[in-house]
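Open your viewer and keep the selection tool ready.

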Amino acid sequence: MEFTEFTLAASTDTLADEPAAREHADCLEFRMDLASDPLAALADYDGALPLLVTNRAEWEGGAAADDDARLDALCEAVAYDAVDAVDVELESMLDGAGERVRDAARDADASVVVSVHDFEGTPLRQDMRGLLGNAVEYGDVGKLAVTATDRTDALDLLTVTHEYAMADEPVATMAMGEAGRHTRAVAPVYGSKIGYAPVRAEDATAPGQYDLETLRGLVDDLQ
């Protein structure tokens, strides 16, 4: 996946969701940190959709322990043919621990999404620019998810998204929470390259997510 166009990822912890996601998704985001035996699941996967693998640490809102095994599992995961992209937290890249995941992805010809999640609020515009700037420096796509408390937060995020799109720097952005929910549909209009949605609404992994079919319809209608 090169993420030159908008890509809608169906977020799931079970690859058995692939047939249900196929109609509306462009890929699956496989949440390894939420799966019981993720490497075995990857070995058995024979679906049609390519995979973006994520093994989110607890300190970034996931369920994986912050140890070498978490990143080692990502290195193993990118070796599977179905895995076309991997997500690594910006913090892991900054401290050097995530570099081996990026190297493994490069060797496997897989793209690297470098991500930041702010569950407390929305940083100032200049701070969001800095976070995305670091993320795109380390990876192929910089991902920033913030938490919006009002429309001003959403507008700030969309403004920064537009700036990066105009500079031809691939980013994926979204605002979590009810105040930012609409950005999941609107951000692609401003240049966001990746959207995330659960196949079923009750399986949402972040505040304010639309279900897959709904988000696909909204994005397609707006575009």
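For sorting lining residues, Ala, Val, Leu, Ile, Met, Phe, Trp, Tyr, Cys and Pro count as nonpolar, Asp, Glu, Lys and Arg as charged, and the others, Gly among them, as polar. This is a predicted model, in which local features need pLDDT of at least 70, side-chain atom pairs count only at pLDDT 80 or more, and totals for chains, interfaces and linings use all residues. Residues are numbered from 1 along each chain as its sequence is written, and side-chain values use heavy atoms, with hydrogens and water left out.

**Stop 1: the cavity**

Rolling a probe the size of a water molecule over the atoms shows where empty space is left. On a 1 Å grid over the protein atoms alone, a cavity is a set of points where a 1.4 Å probe fits but cannot get out; a pocket is an open set with protein on both sides within 12 Å along at least five of seven lines; lining residues have an atom within 4 Å of a point. Points are joined across faces, edges and corners, and a volume is the space filled by probe spheres set on them.

The whole structure holds one cavity of 30 Å³ or more. The largest cavity has about 40 Å³ of space. Select T173, M174, R184, P188, S192, I194, G195 and Y196 to see its lining. β8 gives the most, with three residues. The lining divides into four nonpolar, three polar and one charged.

**Stop 2**

Now go to the largest pocket, with about 190 Å³ of space. Select R31, H117, K143, T205 and A206: of the 17 lining residues, these are the closest to its centre. Then colour β2 (27-31), β6 (141-147) and β7 (171-176), which each supply at least two residues of this lining. Its residues are six nonpolar, five polar and six charged.

**Stop 3: the whole protein**

Zoom out and switch to cartoon. There are nine helices and eight strands (DSSP runs numbered from the N terminus: helices are H or I, at least four residues; strands are E, at least two). Show the C-alpha trace: along its principal axes it spans about 45 × 40 × 30 Å. Finish by colouring by burial. Buried residues, those under 20% relative accessible area with a 1.4 Å probe and protein chains only, make up 53% of the 223 residues.

Technical notes: Buried means under 20% relative accessible area, exposed over 50%, partly exposed in between (1.4 Å probe, protein chains only).
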